Amino acid sequence: MDTRQALLQKARKAFAERGYAATSLEDLARTLGLTKAAVYHHFASKRALLEALLEEGFQETQRALSRPGTLHERLMALALAYRGQVEPLTALMTAHSGRRGGDQEAVLLALAAMRRGIEQLAGVLEEESPGHGRALAVVFASIVHGAYMTAQHMPGFSLELLLKEGVDLFVRGLPQQSDP
């Protein structure tokens, strides 16, 4: 793995675990055994690093949505890809809780990434259900994020099962109950 990818991977983990505000480029350099100069060679700032992570997530989403397959298969690929992405919501929430400078930058970047992701998904869902793409994109994003949060914080829940059932319900709708 090259230095840039190692930095992205370490930053993704640090932002998710400690938050954007509590993560410094110096800490990332130290954990990877790099000098600060090596970090700055790849990323001019922490903001640039966050932007690169958010762009990586956007590209992964694009690949999942544009791959061949049914809507169900593409949405499942998108839901599974969420695991490897920096979560814009995490960066947003932790930016509000920090006391260090630059937090507002993270909030603005995270909000822009969230809007971009919703619009990206809305374009695909609009083709399936004209006039409802944006609302459906928000609902789907909530299902996926909720599955990740539930599996992460509540013992006994399987992420893969929650995602599978969530995508199934989203695409197919609630099963019809037979009359007694």
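Let's start at L163: setting aside neighbours within four places in sequence, L163 is in contact with M76, A79, L80, V144, A147 and Y148. The model you are looking at is a predicted one.

L163 also belongs to the largest nonpolar core, a set of 23 residues, and is listed with L75, L78, L121, L125, F140 and V144 as having the most contacts inside it. Two or more residues of this core come from each of helix 4, helix 5, helix 7, helix 8 and helix 9. Helix 5 gives the largest share, six residues. As background, nonpolar side chains in soluble globular proteins tend to be buried together.

Apart from that core lies another one, of 19 residues, including L25, A29, L49 and L109. Here are the two side by side:

| Core | Size | Some members |
|---|---|---|
| Largest nonpolar core | 23 residues | L75, L78, L163 |
| Another core | 19 residues | L25, A29, L49 |

L25 and A29 bring us to helix 2, which spans residues 25-32 and has L25, L28 and A29 as its buried residues. Seen down the helix axis, these buried residues fall within an arc of 100°, so they line one face of helix 2. An α-helix has 3.6 residues a turn, so residues three or four places apart point the same way.

What do the buried residues of helix 2 pack against? Their partners are helix 1 (3-17), helix 3 (36-42) and helix 4 (46-66). On the other side of helix 2, R30 and T31 are exposed. After helix 2 comes G33, with a positive phi near 70°.

Terms used. Residues numbered from 1 in each chain as written. Predicted model: local features only at pLDDT ≥ 70, side-chain atom pairs only at ≥ 80, totals over all residues. Heavy atoms only, no water. Buried < 20%, exposed > 50% of the residue type's maximum accessible area, 1.4 Å probe, protein only. Helix = DSSP H or I, 4+ residues; strand = E, 2+ residues; numbered from the N terminus. Arc of directions from axis to C-beta. Contact = heavy atoms within 4.5 Å. Core = buried A, V, L, I, M, F, W, Y, C linked by side-chain atoms within 4.5 Å.
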